[in-house]
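Biologist: I have a new model open on my screen and would like to know what the words used for it rest on. Could you take me through them?

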Amino acid sequence: MSETGEATVCPFDFSEALEFDPSLTMLMARESGVTRIRLPYGDADAWLVTGFEGVRQVTTDHRFSRAGIMGRDYPRLTPEPIVSPESINVIDPPRSTRLRRLASQAFTKRHLDAMRPAIERLVDTLLDTMAEQGQPADLAAHLSNQLPQHTICELLGIAPQDRPRMQEYAHQLLSTSPESRKVAAAAKAELREYFGGLVAERRRDPGEDLISALAAARDGEDALDDQELAVMALTLMLSGHDTATCQISNIAYVLLTRPELMKHLRSRPETLTPVLEELLRFIPFRKGVGIPRVALEDVEMDGVRIRAGDFVHVSYLTANRDPERYPDPHTIDPDRSPQPHMTFGWGGHRCIAAPLAMAELEAAIGRLLERFPELRLAVPPEEVVWDTETIRRFPVELPVAW
């Protein structure tokens with residue numbers, strides 16, 4: 001039973017288009033799916049779990065705690081910890097179960113079906129503007145950056161004049177550069193103050209927005225208090241600016257550089273949703289790892305003893321490429337049998353707003369292909385500019401023509 005050994009230094013700073021990080025490939029090839037790693041920030045090493053079943057265990061096993069990282073300089077990729085202590089992302093069951101049950105009332109199928117027409121209208125408006133301004137056009141600026149931001153801000157009832165500030169704060173929090181720490185800490189403080197004020201305002205004068213709906217959410221006598229509601233709204237805003245924004249551009253880039261996949265979707269539009277799920281599985285949507293957990297007791301995994309108090313990271317990226325779970329995992333197979341992936345997380349911390357992100361992707365990619373049958377990259381693929389400043393992987397500019 002292995003317990004020690006020198007940690008593998010993992011900067012996880014690879015950002016070449018959507019190629020898979022070679023360091024993750026190397027870690028996946030090891031005999032054990034549990035490896036000791038050293039990240040750029042934090043005062044301790046961590047274990048990294050790479051296989052699908054191992055990741056599933058860590059994300060569903062009560063012996064691994066997210067809440068246990070609070071107050072500690074935990075291993076991470078950003079100089080400033082992204083999460084707040086009150087965030088649902090670092091709360092364990094049963095308290096997190098309660099918060100998720102209340103918050104999920106805003107993302108039921110009924111609510112999403114009611115949202116879809118508005119999302120589709122917004123997509124059409126954004127694509128109209130792009131078409132009117134002419135080609136070549138930056139798809140990231142016209143669609144990817146706009147749709148998720150407008151959708152989540154509209155849902156939360158954030159005033160239009162405040163929305164650019166929200167986008168800037170989100171970018172600052174996800175930065176990986178050492179000099180960004182003070183700026184990120186200030187951004188986090190500003191966001192908490194902003195959403196605290198917004199919650200107080202909606203308590204006094206409820207509207208049709210998501211914060212008002214969350215304020216009214218009840219499970220028997222249970223409800224969200226002001227602090228829980230403010231942090232929940234902040235978390236939803238950040239996730240709304242993150243996953244869908246990156247993935248609209250990433251998926252468009254993959255389709256634009258793989259003509260056979262574009263042809264498949266154009267000839268079989270009814271397969272849009274399963275193809276999107278396969279692309280979400282395949283695309284390395286971020287760098288390295290996210291928020292770790294702490295082992296509350298000794299746990300043996302894959303020939304390794306994880307000691308109580310050790311930090312444990314999981315890689316959703318490697319889990320999504322596990323050959324024991326997905327045959328030929330490094331290939332995009334539009335006809336792959338449906339298998340849940342981990343792009344939106346797993347277990348008790350799976351993204352609550354995942355159904356909303358899927359609705360946005362379906363509307364954005366579906367309408368894009370319908371509206372622009374001759375859509376193509378306006379520059380060679382090697383000239384596309386990619387984000388290198390944050391933990392995300394996506395093209396910051398995506399010039400297209402039609």
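Modeller: Gladly! Two strands count as paired if DSSP finds at least two bridges between them; strands (E, at least two residues) and helices (H or I, at least four) are DSSP runs, numbered from the N terminus. This is a predicted model, where local features need pLDDT of at least 70, side-chain atom pairs count only at pLDDT 80 or more, and totals for chains, interfaces and linings use all residues. Residues are numbered from 1 along each chain as its sequence is written, and side-chain values use heavy atoms, with hydrogens and water left out.

Biologist: What makes E2 and E3 a pair?

Modeller: Four bridges join E2 to E3 (residues 46-49), and the two run antiparallel. In one of them, Arg36 has Trp47 in E3 as its partner. At least two bridges are needed, so the pair qualifies.

Biologist: How do you know that E1 pairs with E2?

Modeller: Two bridges link E1 (residues 8-9) to E2 (residues 34-38), running parallel. Val9 has Arg38 as its bridge partner in E2.

Biologist: Why is the unit of E1, H1 and E2 called right-handed?

Modeller: With the strands pointing away from the viewer, the path from the first strand over the helix to the second must run clockwise. E1, H1 (residues 22-28) and E2 form such a right-handed β-α-β unit.
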